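Trainee: I'd like to go through some of the labels on this model and ask what backs each one up. Can we take them one at a time?

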Amino acid sequence: MHSGGNPFMPDLGKIELTTVEQVASAAGAKVIGDAAVQVRGAVADNRRVRGGELFVAMPGEHVHGAKFAKAAVEAGAVAVLTDREGAEIAGEIDAPVLVVSDMNQAAGPASSLAWGRPSERLNTWGVTGTNGKTTIVYLLKAILRQLGRKPALIGTVDVEVGDMNAGARNTTPFPDELQAILASAVQSSCTDVVMEVSSHALSLGRVRPMRFDVVGFTNLTQDHLDFHHTMENYFQAKLRLFTPELSKNQVVIVDDEWGRRIAEESCGENLTTLSMGDAEADWHASYSEHAGGITLTLDGPAGHQEVPVNLPGDYNAANSALAIVMAAHLLSAEAGESAVAALFDKISGGLEVHVPGRMELISANPRVIVDFAHNPDATRKVLKTLRPTTKGRLIILLGSAGQRDQEKRPILGQIACELADKVYITDDDPHEEDPAAIRAAVLEGTRDAKPGQVIEIADRREAIVAAITEAGPDDTVLLAGRGHETIQPMPDGPVELDDRVVAREALSL
Ligand SMILES: CC(=O)N[C@H]1[C@@H](OP(=O)(O)OP(=O)(O)OC[C@H]2O[C@@H](n3ccc(=O)[nH]c3=O)[C@H](O)[C@@H]2O)O[C@H](CO)[C@@H](O)[C@@H]1O[C@H](C)C(=O)N[C@@H](C)C(=O)N[C@H](CCC(=O)O)C(=O)O
Ligand SMILES: Nc1ncnc2c1ncn2[C@@H]1O[C@H](COP(=O)(O)OP(=O)(O)OP(=O)(O)O)[C@@H](O)[C@H]1O
């Protein structure tokens with residue numbers, strides 16, 4: 001869960017007017033009322049109506065947005081888009097109502113048109129996969145800046161447009177917000193948008209009708225089974241991004257079976273493959289590690305290239321390789337080989353990236369690190385990355401989020417016991433679930449622990465203080481799971497809690 005929500009509200013006066021009839025045609029809607037009414041902009045929350053917009057009444061988890069249609073129109077919305085249930089809930093409305101059978105299909109195309117089809121005026125970059133999306137969009141931003149371009153960024157940690165940035169609520173925003181951010185990016189003269197595309201967003205049609213210039217696939221491992229139920233469904237959601245309907249150029253890491261299946265099944269129009277190992281692929285990458293990060297070596301259509309990157313670990317080598325190959329692949333398709341050569345020339349001096357809450361170093365002795373690892377694959381990879389550089393003990397503090405994938409909880413406990421010397425089990429973000437029951441499920445995986453290896457402390461703040469107080473100067477303490485998050489959703493309501501702040505307090509005790 002992330003606090004905030006995007007404040008990016010484009011200048012409505014600069015958005016081209018479009019008619020209800022045109023919006024209805026894009027959204028496949030039946031119009032009740034005057035189809036000649038003109039709209040500009042689209043919003044799904046009545047509290048954000050400024051005047052003249054289309055109100056996008058989405059069915060929600062708690063309430064149907066149509067309940068607020070009247071209020072939206074009173075605030076100045078000039079038309080309402082909703083489904084049949086919403087039309088009934090909305091009742092008599094003093095504005096045309098556009099009725100569709102499925103809001104997930106309709107909200108994107110309608111919002112895009114109402115915001116002036118902004119994605120068509122930007123180079124669009126999409127990244128998907130279980131782990132690495134946030135890191136990769138930051139890498140893409142760094143690459144594009146080195147090329148002298150002006151990218152906007154949309155992801156889990158924040159949304160950045162020009163000089164403005166704001167915390168994100170969703171990894172991939174809902175269609176009205178997404179299209180408003182893109183319209184802001186156009187108004188701020190951004191050249192590109194780099195964005196994370198979650199599997200939820202793909203399942204729910206949130207990015208429609210964008211057709212990305214280039215997309216990248218990282219990896220697929222267990223997560224989000226609360227939503228997708230099976231890995232096959234989770235895979236099918238990701239696969240969509242690589243079909244010609246959603247993207248023009250595709251880059252796929254083929255080191256897991258899912259990547260190989262995407263390469264085979266997507267029918268991507270201009271697909272290139274990348275391997276960090278010896279899988280058959282168009283590009284191969286390897287790396288050497290040094291104190292400041294890695295030096296990445298890439299061999300592929302652009303020849304042999306080396307790029308230093310300030311991020312540690314084999315998984316960050318994969319993240320960096322994917323970002324660079326995405327850039328090379330798109331430049332090659334659009335501007336030819338000389339543009340690719342210019343790219344490598346610009347980045348050969350190195351890429352410098354700081355991703356909040358990802359391997360974020362809080363102190364050196366003891367080494368305290370905050371990382372967003374919250375699923376089995378990420379937790380395993382981060383512990384394995386930290387082990388060789390830890391002289392003393394490797395201590396991990398973790399829990400698991402409530403109202404999310406439950407199957408991963410004991411697996412997380414098991415990985416922690418296998419790969420760390422000491423394990424603190426505590427609360428993550430319980431949401432409305434019983435925190436003790438979540439901790440018990442994580443503890444189930446620690447049955448084979450050595451005596452004294454595992455300690456349970458419910459309160460995360462207390463647990464962080466205990467873990468850091470216990471650590472010696474040669475130890476590493478990994479505070480896993482919440483990364484950049486600043487609010488802990490507890491059953492009794494949200495509490496302010498930033499692992500990085502608590503760690504610094506504990507270090508000064
Ligand atoms: C389950 C889910 O998808 N919830 C999303 C949903 O909230 P909700 O269903 O609770 O909305 P609601 O309160 O019932 O309201 C329904 C509608 O009425 C409108 N409304 C509501 C109140 C009001 O006074 N006026 C008003 O107009 C709302 O704007 C909304 O359109 O609509 C919100 C606003 O657009 C989203 O932020 C919220 O995402 C929540 C935070 C979420 O956790 N979503 C998950 C499932 C998700 O999408 N995750 C993926 C992947 C993350 C990852 O990779 O880890 C993501 O892309 O974020
Ligand atoms: N390529 C990778 N493979 C496995 N683990 C990774 C990889 N990249 C990052 N990680 C781990 O996963 C965590 C989350 O990384 P990042 O935020 O970049 O991924 P994400 O896909 O955006 O995750 P989420 O969708 O959950 O926000 C990192 O803190 C790190 O522990």
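Trainee: Why is Arg-169 called partly exposed?

Mentor: In this predicted model, Arg-169 has a relative accessible area of 41%.

Trainee: What makes Glu-470 and Arg-393 a salt bridge?

Mentor: The closest N and O atoms are 2.7 Å apart, again set against a limit of 4 Å. This pair links distant parts of the chain: Glu-470 sits in helix 16, Arg-393 in the loop between helix 13 and strand 21, and 77 residues separate them.

Trainee: Which lysine also forms a salt bridge with Glu-470?

Mentor: Lys-422, with its closest N and O atoms 3.3 Å apart. Lys-422 lies in strand 22, 48 residues from Glu-470 in helix 16.

Trainee: Is Lys-422 buried or exposed?

Mentor: Buried: its relative accessible area is 13%, and buried means under 20%. Glu-470, at 26%, is partly exposed.

Trainee: How do you know that the span of helix 14 agrees with its twelve residues?

Mentor: At 1.5 Å a residue, helix 14 should span 16 Å, and its end C-alpha atoms are 16 Å apart, so the two agree.

Note on methods
Residues numbered from 1 in each chain as written. Chains lettered and ligands numbered in written order. Predicted model: local features only at pLDDT ≥ 70, side-chain atom pairs only at ≥ 80, totals over all residues. Heavy atoms only, no water. Helix = DSSP H or I, 4+ residues; strand = E, 2+ residues; numbered from the N terminus. Expected span 1.5 Å × (residues − 1). Buried < 20%, exposed > 50% of the residue type's maximum accessible area, 1.4 Å probe, protein only. Salt bridge = Lys/Arg side-chain N within 4 Å of Asp/Glu carboxyl O.
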